[in-house]
Amino acid sequence: MSTRSTSRREFLQFSAAASLAAWTLSHRAHGASSFTAPPFMSGARDADASSFLVPGALERRKFGKTDMQVAVLGFGGAEIGYEKTDKATVAKLLNAALDAGLNVVDTAECYLDSEVAIGEAIGARRKEYYLFTKCGHVRADGTRGDAWTKEGVLASVERSLKRLKTDAVDLVQLHSCSLDELKKGECIEGLEQAKKQGKTRYVGYSGDSLTAKWAVESERFDSLQTSINVADQECIELTLPLAKEKQMGVIAKRPIANAAWRYDAKPESGYHETYWKRLQELDYAWAKGDARKNEGLDGPAATAMRFTAMQPGVCVLIVGTTKPERWKQNAELLAAGALPKEAHDSIRARWKAVAKSDWIGQT
Ligand SMILES: NC(=O)c1ccc[n+]([C@@H]2O[C@H](COP(=O)([O-])OP(=O)(O)OC[C@H]3O[C@@H](n4cnc5c(N)ncnc54)[C@H](OP(=O)(O)O)[C@@H]3O)[C@@H](O)[C@H]2O)c1
């Protein structure tokens, strides 16, 4: 679909990304207690020291006040579960991504066999990546349903560790429980207990809108995973500034807006429908008609990811995919860095002009 031949600039960007990948291979995710910039990064560091801005290389960012330095592009594990991607493809996809610099893998107990597939594919390379999972949607007997009691959360964590073939994960998140459950507090106590037991190094909340705001204000979590994208911008004012102030690690879920511009007509999947409808009304020039075929740095995929990655406080984008080539392709697009200011500001202005009061963060 690409309409452009490889330019010298793109070649240089790719070379820098490849250098970062090579450097990453020799500095495993857990290998060092603090991040040292690779030599080719020439010490470039932004003003608040929360990120490393190097034209042409995939950035690493400090994950809130944790000890993690995360590559700005991570892997979202829902798609491989729900799409029932075969194990050979998952193994190819994840191993290739790890080889190229991936260091965050996010999944959940309820994404069908996602945890099992990840454990089988890269369990043996566990020291090379940060592993995040989520709990709360599977009962003790394995049936689907809410399990927000302290025991329910602890049992979910145990099952995840077995499926992921590891003794401990880096982060367990409450998987979008309601505000009532959060206020009840048992599920948070369960997470804290799992942390005390050494089953997870950090604890987080995954969810949106006013519930996410409560979670941030509670100061009980190390991280927030929330929907941030060109079709879902409520969090940019509602939760991100506070999460940044409280030095939480922020994970952008649905970061490429489910690539909902792909559909010529309303998608069959209800999950993709909300963003598709919003995009129709937002009517971004780069996300309609033939512009949708542009795979370059100003095409829809790059524009959507670069927009998400430049929101203050965002640490990592967990893009979902079932395709082995995707991670490297998206890493090269993201390596271009922030969108030009005018492009960013016009996306924000359009949202402010068009978004309705019920366009809240989508779970
Ligand atoms: N409540 C929660 O906690 C919650 C809710 C939703 C999501 N999440 C997390 O967030 C992750 C990401 O969410 P998501 O997968 O729903 O949304 P997403 O990452 O915004 O969208 C994924 C879709 O984008 C497509 N895509 C990726 N790169 C592309 C590119 N360069 N060009 C065109 N299409 C591209 C993928 O298709 P291909 O297969 O063709 O690459 C896939 O269908 C999930 O895996 C999950 O870990 C958490």
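Which helices and which strand each supply at least two residues of the shell around the ligand? They are helix 2 (78-82), strand 10 (314-320) and helix 13 (326-334); helices (H or I, at least four residues) and strands (E, at least two) are DSSP runs, numbered from the N terminus.

The model is predicted: local features need pLDDT of at least 70, side-chain atom pairs count only at pLDDT 80 or more, and totals for chains, interfaces and linings use all residues. Residues are numbered from 1 along each chain as its sequence is written.

Begin with the whole chain. Its secondary structure consists of 14 helices and 10 strands. Of its 363 residues, 48% are buried (20 or more other C-beta atoms within 10 Å of the residue's own, with C-beta atoms placed from the backbone).

Next, select the ligand and its surroundings. The shell holds 28 residues, and the closest are Gly76, Ala78, Ala259, Gly320 and Thr321; a residue belongs here if its C-beta atom, placed from the backbone, lies within 6 Å of the ligand. By class, the shell comprises 8 nonpolar, 13 polar and 7 charged residues (nonpolar: Ala, Val, Leu, Ile, Met, Phe, Trp, Tyr, Cys and Pro; charged: Asp, Glu, Lys and Arg; polar: the others, Gly among them).

Now select strand 10, where 7 of its 7 residues are buried. Strand 10 pairs in the parallel sense with strand 3 (residues 73-76) over 4 bridges; two strands pair if DSSP finds at least two bridges between them. Here Phe75 stands opposite Val319 in strand 10.

Finally, select strand 9 (residues 249-253), which runs parallel to strand 10 and is joined to it by 3 bridges. Ala252 stands opposite Leu317 of strand 10.

Methods
Buried ≥ 20, exposed ≤ 12 C-beta atoms within 10 Å, placed from the backbone.
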